[in-house]
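Visitor: I would like to learn how to read a structural model feature by feature. Could we take burial, strand pairing and pockets in turn?

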Amino acid sequence: MTLKLFVTGTDTDIGKTLAARALLEAGRKQGLATAGYKPLAAGCEPGKQGLENGDALTLQAASSLTLAYDQINPYALPEPLSPHLAARHQGITIDTARLTRGLAELDQIADLVVVEGAGGWMVPVNDNDTLNHWVADQQLPVVLVVGIKLGCLNHALLSQRVIEADGLKLVGWIANHVDPGSACQQENVDYLRRHLKAPLLGRIPHLADPNQPLDGLIDLSSLLG
């Protein structure tokens with residue numbers, strides 16, 4: 001049975017892609033067939049595979065399966081805006097059924113699918129839906145990326161509350177040390193370990209090179225059973 005995980009963050013630019021790559025690398029080390037999925041991406045640029053997004057390319061490279069770009073990222077939008085606005089400016093409306101079809105295709109071939117969200121938890125995808133509605137429809141287990149910096153305790157606890165309110169299960173969280181100068185980092189992690197209702201899957205240190213290997217940073221044992 002395929003394990004599907006939805007990766008969200010306490011804010012935008014908080015390290016969701018880095019965490020998703022770490023999850024994929026951990027799954028690959030376990031011998032799993034892994035696939036990354038970035039249903040929506042804005043700020044895409046022309047590349048070898050058409051319009052491409054850097055985050056989606058990272059997931060494509062980190063997947064153990066050989067996947068076409070559009071399997072990773074069905075909606076590639078050029079303007080760096082909220083997805084609903086980026087789509088509107090292209091004269092299209094994002095159809096969540098297309099997101100579901102793409103996920104179902106990966107479900108058929110992968111042991112682990114890591115789905116990376118766009119922006120925060122409630123990013124609009126069209127005039128009626130936010131991305132969390134689709135996640136709830138799919139009943140995806142959620143992994144929360146917490147950027148360890150000032151304000152992270154409030155953001156993490158609020159995120160947990162709204163994830164639960166949407167009827168979803170927070171199955172793990174990842175501490176990403178985004179600000180090397182932030183005070184009380186260990187104390188913040190310790191507090192969240194006590195107050196978040198899911199296990200800490202791993203900690204990602206502040207990286208000078210975000211492309212360096214992430215071996216050994218993530219423990220999937222609590223998710224794989």
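Visitor: Is N176 buried or exposed?

Guide: Buried means under 20% relative accessible area, exposed over 50%, and partly exposed in between, with a 1.4 Å probe and protein chains only. N176 counts as buried because its relative accessibility is 5%. This is a predicted model, in which local features need pLDDT of at least 70, side-chain atom pairs count only at pLDDT 80 or more, and totals for chains, interfaces and linings use all residues. Residues are numbered from 1 along each chain as its sequence is written, and side-chain values use heavy atoms, with hydrogens and water left out.

Visitor: Where is N176 found, and which residues does N176 touch?

Guide: Helices (H or I, at least four residues) and strands (E, at least two) are DSSP runs numbered from the N terminus, and N176 is found in strand β9, residues 170-176. A contact means heavy atoms within 4.5 Å; not counting residues up to four places away in sequence, N176 touches I14, G15, L18, V145, V146, G147, I148 and I204.

Visitor: Which strands are joined to β1 by bridges?

Guide: Two strands pair if DSSP finds at least two bridges between them. Strand β1 (residues 3-9) has six of its seven residues buried; five bridges join β1 to β7 (residues 112-116), and these strands run parallel, while four bridges join β1 to β8 (residues 142-147), also in parallel. As examples, L3 has L112 as its bridge partner in β7, and V7 stands opposite V143 in β8.

Visitor: How much space lies in the largest pocket, and which residues are the closest to its centre?

Guide: On a 1 Å grid over the protein atoms alone, a pocket is an open set of points where a 1.4 Å probe fits, with protein on both sides within 12 Å along at least five of seven lines, and lining residues have an atom within 4 Å of a point. The largest pocket holds about 720 Å³, a volume being the space filled by probe spheres set on the points, which are joined across faces, edges and corners. Of the 32 residues that line the largest pocket, D13, K16, T17, D55 and E116 are the closest to its centre.

Visitor: Which element gives the most to the lining of the largest pocket?

Guide: That element is α1, with four residues; α1 (16-29), β3 (40-41) and α2 (54-62) each supply at least two residues of the lining.
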